[in-house]
Every structure is written in C-alpha cells, then in structure tokens.
Amino acid sequence: MQRPAADTEVTRAAYTFRQPPQGFQNPKFRDPSVPKGSLDGGSGTQRYGNVMHDRRVYRGNTYASPIMSTAARAEMEKREMIDTQRRKQASQRAASIKRRKQMEVARRHMATPDPGEGRENNEIQTEEYLEELTDKVEQVVQETQTDPLMDRPATPKYIPTKSGRDAETQIHEGELFRFDEAVEPILEVLVGKTLEQAMLEVMQEEELELLRQQQIEFEQRRKEELLEAQKLESAERRKFEEKERRKKQEMERIQREKETREKLQARQFAKAYMTNMENRVYSRLQDEGWFADRVLNEVELDFFPWLMGEVDKELEKKKKARTLVDELIREVVRLNATQLAESRAAQHSVLE
C-alpha cells in the first residue's frame, strides 16, 4: 500500500529541525507595545506550546481493537448465554427458596380465628419472663457538668529539617537558553512521530476493516456456493432415485412378462400333452399286460413256469446219472490200472 504524497511530505518535514538550540538572552528593554502581563516576555514570539491542545495529535486509544474470529465470537456468545441461564436459574432457585421460607413463616404464624358469640380475643404474654406493659414512657432528668478547657493552640507551620550539603555551580555566558524556543524542534519531532504513528494505525485499521469486509464477502459467497452445490446435489439425487425407480419398474414388467410367457407355454404344452392321453394310456397299459387274455395269462404265468421246473428236474436227474456213470468208469479204469501194475510187478519179480 502506497502512502499519499502529502503524508510523505508532512512526515519528512516533521523530522527536520528548523532552528538549532540557542542560549537564553534576556532583553535589556521591554517592548512597550506588549502588555505588561503578557506571557511571551516581550519577545514577540510564542514562548511555549501545549501538546494536549494540538489539533494534529490523535485523541483516544491508539490500540486497534482485537479481531475475533467467527468461531471465537460464537464460543463467547455461547458462554455468555450459559452464564445468563445459570444466573437466571440461581435467581429462580433463590426466589423459590425465599417463597418457601415465607410460606413456612406464614404457616407457623397463622392468624387467630374470630371469637365466638359472647367472647373476645385478648393479647397475652407467652414469654418465659413476664413484664409490666404500660402506655407511659418513663422519663428521668439527669444533669452533668464539664470542666473548663483551654482552646487548642494553632498548629505551627511545618518546616522540614535541613539535610545534606549545600552546593553551588557556576553558569557561564551562553549556557542559559529559552526553553520554549529550544524545545520547539523536539516537540515538532514528537508531534510528527505521533502523527505518523496515528496515521499508520489509522491505515492499519482501514486495512483490517477492508480485510474483514473481504472475509465477510468471501463467507457470503462461500455460503451461496454451498447452497448452489446442495441444490445441484439434491437435483442429482432426485434424478438418480427416479432412474432407479424406472429401472425397478422395468425389471418388474420384464419379470411379469416372463412369468406370463412361461405360464402360456406351460398351458400350451399341457394342452398338447393331454390331447391323446387316454389312447396312449390304454396302449401302454395293454403293452404292459394289464389287459391280457386269461388263458394266455395262465399259460404264461402258471404252465410255463411249472413246465420249466419239471424240465430242470429231469435235466438234473440226467446230470446226476451221467455223473455216477462217469465215477463208475473212472473207478473201473483205476482198478484195471492197479491190477495191470501188480501183474507186471509179479512178472518182473519172476523173471529176476
């Protein structure tokens, strides 16, 4: 931030000494045109200046007020609200306690009921020690005499005790100076520095106010953007929910169509299947033998099994007979072989 040219020139001029310090020179003759009681001593110039009455000096507190954030301000308001509620509750509690005490006192000191016919209420003493009650106040005259005293003498004037050692100094020519004229450059420096500091603080406060205003605008713009974003999110959410609802409806419609189509196909298949059911059933039952001839059934179920059993028995008998014949033949062959071997052994023994 650049300062104005006028402020720069004023600040630069505030640090420039206009006149160097000079010694005090008392004029020999007083200016007759100046009144006798004038404060400037007849020099024709202003002898002094009061900083407290200077228009260029800033009045009031030079410290900027502390800047509080929104969260800190909200926390402080919340704390103040809690303190207010606590004080209110305490006052209500105290009022209720006071009211309860008053009710207890009133209950304890109940009013005396009205007397019956021919009776009257009289006040009596219920204390432990009785005393006589009279309407007249006892008065006793007493006298006293004071001794005559002298007046206190006047307090003497306080004169402090002399302490330390006396000293003296020599003032040469030129060492004395006019304070009002010599202090003027220093006052100009102080006033200039004060004005510069005041202007800097004012500029700082203006800058802080500008920053605060920008922050408020930023917060407002941010809130508007958040509201807009929330609106867009709600619109997008509604669109998504509508799309999901439409998809669900479409899936339900497809499922219903599929079920209807399956039912129709099942009905057509059942109708086609039940067209010649009776003929097929009779044909299958007949093929399985449920409608066969009785004679044929007896022949196939009774005669043929019996015949086959008898044939098996005959074949078994023949098999057993053949087995016995084979055994006899083997036994005969074995006996013949044994006899032949014995005869050969006998012949061999004879030959030897």
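Me: At 33% relative accessibility, what does Arg253 count as?

Reply: Arg253 counts as partly exposed, a class between buried (under 20% relative accessible area) and exposed (over 50%), using a 1.4 Å probe and protein chains only. This is a predicted model, where local features need pLDDT of at least 70 and side-chain atom pairs pLDDT 80 or more, while totals for chains, interfaces and linings use all residues. Residues are numbered from 1 along each chain as its sequence is written, and side-chain values use heavy atoms, without hydrogens and water.

Me: Which residue meets Arg253 in a salt bridge?

Reply: Side chains of opposite charge can pair when their charged atoms come close. A salt bridge here is a Lys or Arg side-chain nitrogen within 4 Å of an Asp or Glu carboxyl oxygen. The partner of Arg253 is Glu257, at 2.5 Å, N to O. Glu257 is also partly exposed, at 39%. Both lie in helix H3, 4 residues apart, about one turn; helices are DSSP runs of H or I, at least four residues, numbered from the N terminus.

Me: How many salt bridges does the structure hold?

Reply: The structure holds 8. One of them joins Arg245 and Glu242 at 2.4 Å, 3 residues apart in helix H3 (residues 179-273). Arg245 has a relative accessibility of 38% and Glu242 has 30%.

Me: Where do Glu331 and Arg334 lie?

Reply: They lie in helix H5, and because they are 3 residues apart, about one helical turn separates them. Glu331 is partly exposed at 33%, as is Arg334 at 45%. Elsewhere, shared partners join Glu242, Arg245 and Arg246 into one salt-bridge network.

Methods: Helix = DSSP H or I, 4+ residues; strand = E, 2+ residues; numbered from the N terminus.
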